[in-house]
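I opened this notebook to record what I looked up in a structure that was new to me. The entries follow the order in which I checked each topic.

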Amino acid sequence: MSKPLTGAAEAPGAGQAPEVTAVDERVPLARLAPLAVQHVLAMAAAPISTVFLTSAALHLSPARTASLLSAVLVLCGAGSLLQSLGVWKVGARLPFVMLPGGAAAALFLQIAADHGPAVATGSVFLAALLLLAVVPLYARIVRLFPPLVMGVTVLLIGIAMVRVAAQLVTGPTGRALPASVVLAALTVAVTLAAYLLLRGVWRQSAVLIGMTAGTAIAVTTGLGAFTPAAGAGFALPALLPYGAPRFDLLAALPLLIFSLTTLAEITGQTVLNSEASGRAAAPGRDVPKVARADAVMSLLGGLWGTSLMVTSSENIGISRLTGVRSRYVTAAAGALLVAVGLLAPVSRAVAGVPPAVVGGSALVVYALIAVMGVQMLARADLARQGHSMVAASALAAGLLPVVAPQLYAGFPSWVRTVLGSGVVAGTLTAVLLHGLFTLTARSGRAAGGVGAGRPSG
């Protein structure tokens, strides 16, 4: 029986190979391929639904929708490779996958609706560059977005996304055909049934299963049509599909603020993924690497007409299910996504899914974002003095543009840009009020301490 290694015996070259952690484990190809497919299945619904939301809002043709889907899949794959393998100080070398940010997509579409898609593209570049610039200061910026502020932001984003997703069902007129409502409802029903009845990776693929079943129902019942775009072979996504980007700092404000809030989310995701992968959490080392990778892929996303790309740890459930926590599995999933994205028949076939089906799936996906916001607020200790008032005021500021879209119609354009965005108005209100309440509480404690230390007579 060998003795425990101590001292110099632990050094490489002393007869013992250095220990390989679970996150750095090399997985044989026979196991690597099916594991990678599982990760792809679990994450595929997010890019597909995001592309359809963008396509519906911008009235893209089937061919341009297919090109955008191809771009998003390639970016998801390249981002997963970058985060999993790392290059210099970009990428944390953790089993992360990358997705188009659902919240970022909602803000992108809002900017596009108000100022045009070229301005929205310019906003993506500005937000990505801002994220790169503030990475050295991330520890200070994260303090501006505690769970109370993040909870309000994510809840408002979820509400905004549900509103956008509903447009896939109603169409541009805002009045849905009964067939579209029924088809969306059936898609949601199948999604819920799959989630309730299935287990493991199939449960995590419930949204994708619902989308597939909804398409089959549409074709067989006549509730919708499956019309894939024409094309074959390999195809590269189109560069700058909305023309040359235009830069407007004020119009970009929603995405600029969102890019700052992602630092708080990145910190939580990195700690969670590190712990799940068996690596000691080191936010100071890994968070900047994750943020840089997000920024780099978002810059590429701007070139291909997408919104910000964000790193996700939603694949952790599969890692726990399979017991394999190797970053090489998510790297293989990334390579598979790149290949699928470049296969024109795949993206063009997916582009033929009926909008009402995608709308039903998107309603499930983005309503979950709102639920995540509620969960964050629950961790914020709303019983604490001032917290409930901050949350209430921020939610009121954020919901006003939703329930009364013309509220700021008579104000200057810059006011409409800032306050007319529920996410921006709510987040700014939460940050300012939280900071004010915190300073007031500190001042009160300091005054109380001074008074307590004085002689009483």
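This is a predicted model: local features need pLDDT of at least 70, side-chain atom pairs count only at pLDDT 80 or more; totals for chains, interfaces and linings use all residues.

**Entry 1. Terms and source.** Residues are numbered from 1 along each chain as its sequence is written, and side-chain values use heavy atoms, with hydrogens and water left out.

**Entry 2. Arg93.** I looked up Arg93 and found it in the loop between α3 (62–85) and β1 (97–100). Helices (H or I, at least four residues) and strands (E, at least two) are taken as DSSP runs and numbered from the N terminus. Arg93 counts as partly exposed because its relative accessibility is 37%. Its phi is near 55°, a positive value in a residue other than glycine. I wrote beside this that most residues other than glycine have a negative phi.

**Entry 3. Leu240.** I then turned to Leu240, whose phi is near 45°, again a positive value in a residue other than glycine. Leu240 lies in the loop between α10 (206–221) and α11 (253–277). With a relative accessible area of 31%, Leu240 is partly exposed.

**Entry 4. The whole protein.** How many helices and strands does the protein have? I recorded 19 helices and two strands. Of its 457 residues, 47% count as buried. The protein exposes about 20,800 Å², and carbon and sulfur atoms supply 68% of that area; accessible areas come from the Shrake-Rupley method with a 1.4 Å probe, and for residues only the protein chains shown count as cover. I also looked up contacts, meaning heavy atoms within 4.5 Å. Among contacts between residues at least 6 apart in sequence, 83% join residues at least 24 apart.

**Entry 5. Salt bridges.** I searched for salt bridges, defined as a side-chain nitrogen of Lys or Arg within 4 Å of a carboxyl oxygen of Asp or Glu. The structure holds three of them. One joins Asp24 to Arg327, with the closest N and O atoms 2.7 Å apart. This pair links distant parts of the chain, 303 residues apart: Asp24 is in the segment before α1 (29–43), and Arg327 is in helix α14 (residues 327–342).

Asp286 counts as buried, because its relative accessibility is 1%. Arg285 is partly exposed, at 40% relative accessibility.

**Entry 6. Helix α8.** Thr187 is found in helix α8 and is buried, because its relative accessible area is 0%. Which residues does Thr187 contact, leaving aside its neighbours within four places in sequence? I listed Gly210, Met211, Gly214, Val357, Gly360 and Ser361. Val182 also has its place in helix α8 (residues 178–197). Val182 counts as partly exposed, as its relative accessibility is 39%. Its C-alpha atom is separated by 9.9 Å from that of Ala218, 36 residues apart along the chain.

**Entry 7. Met389.** Met389 is found in helix α17 (residues 387–403). At 49% relative accessibility, Met389 counts as partly exposed. I recorded 9.5 Å between the C-alpha atoms of Met389 and His434, which are 45 residues apart along the chain.

**Entry 8. A positive patch.** Which residues form the positive surface patch? I found Arg140, Arg143, Arg384, Arg442 and Arg445. Arg442 is in helix α19 (residues 422–452). Patches are made of residues with over 30% relative accessible area and no salt bridge; like charges are joined within 9 Å, and nonpolar side chains (Val, Leu, Ile, Met, Phe, Trp, Tyr) within 5 Å. Lys and Arg count as positive and Asp and Glu as negative, while His and the chain ends are not counted. The place of a charge is taken as NZ of Lys, CZ of Arg, CG of Asp or CD of Glu.

Methods
Buried means under 20% relative accessible area, exposed over 50%, partly exposed in between (1.4 Å probe, protein chains only).
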